[in-house]
Amino acid sequence: QVLFALNQTLLQHESLRAGSLQAPYTTEDLIKHYNCGDLNAVIFNHDTSQVPNFINTTLPPHEQVTAQEIDSYFRQELIYKRNERMGKRVMALLRENTDKSFFFAFGAGHFLGNNTVIDVLRQAGFEVEHTSPGQPI
């Protein structure tokens, strides 16, 4: 599975570099939507936006099964569980230190797709507000 995932990732990057495959959005698109606080934009809700897309309909059926297994594993282990751990750490700090203010910074990848750190916090009853660039805190 590791070799399959590596090969598929390399093939995707080669296709992007050769121009035969285009990314669905650019880094500039991510920055624009993030700065605008538009975390509901399609690019942020795409469930596989943090994971290489291993699922390819041109693969033979047995490789499609492998691709689906790897995709599910990455999404669960590398994204959802990590965001859950990070969200729980934030909650613990906030609950243990109610008299203090905090500033938490996360990479943009933790706001992409479903089950983000923000989703974890909101599901636990916390209110999360977007602060625009230049807006005083």
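A search of the whole structure, which is a predicted model, finds 1 aromatic pair. F102 and F104 form this pair, which is stacked, with 5.5 Å centre to centre and 10° between the planes. Rings of Phe, Tyr and Trp (its six-membered ring) pair if their centres lie within 6.5 Å; planes under 30 degrees apart count as stacked, over 60 as edge-to-face and the rest as tilted. Residues are numbered from 1 along each chain as its sequence is written, and side-chain values use heavy atoms, with hydrogens and water left out. In this predicted model, local features need pLDDT of at least 70 and side-chain atom pairs count only at pLDDT 80 or more, while totals for chains, interfaces and linings use all residues.

**Aromatic pair**

- F102 counts as partly exposed, at 32% relative accessibility; buried means under 20% relative accessible area, exposed over 50% and partly exposed in between (1.4 Å probe, protein chains only).
- F104 is also partly exposed, with a relative accessible area of 29%.

**Chain overview**

- The chain has 5 helices and 0 strands, where helices (H or I, at least four residues) and strands (E, at least two) are DSSP runs numbered from the N terminus.
- Along the sequence the pattern reads α-α-α-α-α.
- Of the 137 residues of the chain, 26% count as buried.
- Among contacts in the chain with a separation of 6 or more, 61% come from residues 24 or more positions apart; contact means heavy atoms within 4.5 Å.
- The accessible surface of the chain comes to about 9600 Å², and 54% of this area belongs to carbon and sulfur atoms. Accessible areas come from the Shrake-Rupley method with a 1.4 Å probe, and for residues only the protein chains shown count as cover.

**Nonpolar cores**

- The largest nonpolar core has 6 residues, namely M86, V90, M91, V117, V120 and L121.
- Helices α4 and α5 (117–123) each supply at least two residues of this core.
- A second, separate core has 5 residues, including F4, A5, L59 and A67.
- A nonpolar core is a set of buried Ala, Val, Leu, Ile, Met, Phe, Trp, Tyr and Cys residues joined through side-chain atoms within 4.5 Å.
- M86, a member of the largest core, is in contact with F106, H110 and V117 when its neighbours within four places in sequence are left aside.

- N83 lies in helix α4 (residues 61–96) and is buried, with a relative accessible area of 0%.
- The side chain of N83 reaches the backbone oxygen of N115 at 3.1 Å. A polar contact is a pair of N or O atoms within 3.5 Å; within protein, one must be able to donate a hydrogen and the other to accept it, and residues adjacent in sequence count only if both atoms are side-chain atoms.
- Not counting residues up to four places away in sequence, N83 touches H110, N115, T116, V117 and V120.
- T116 sits in the loop between α4 and α5 and is buried, with a relative accessible area of 4%.
- With residues up to four places away in sequence not counted, T116 touches N83, H110 and F111.

**Salt bridge**

- The count comes to 1 salt bridge, defined as a side-chain nitrogen of Lys or Arg within 4 Å of a carboxyl oxygen of Asp or Glu.
- The side chains of E84 and K88 meet in a salt bridge at 3.7 Å, N to O.
- Both E84 and K88 lie in helix α4, 4 residues apart, about one turn of the helix.
- E84 is partly exposed, with a relative accessible area of 33%, and K88 is partly exposed, with a value of 48%.

- F126 belongs to the segment after α5 and is partly exposed, with a relative accessible area of 23%.
- The C-alpha atoms of F126 and M91 are separated by 8.5 Å, and the two residues are 35 residues apart along the chain.
- Leaving aside its neighbours within four places in sequence, F126 is in contact with M91, L94, R95 and L121.
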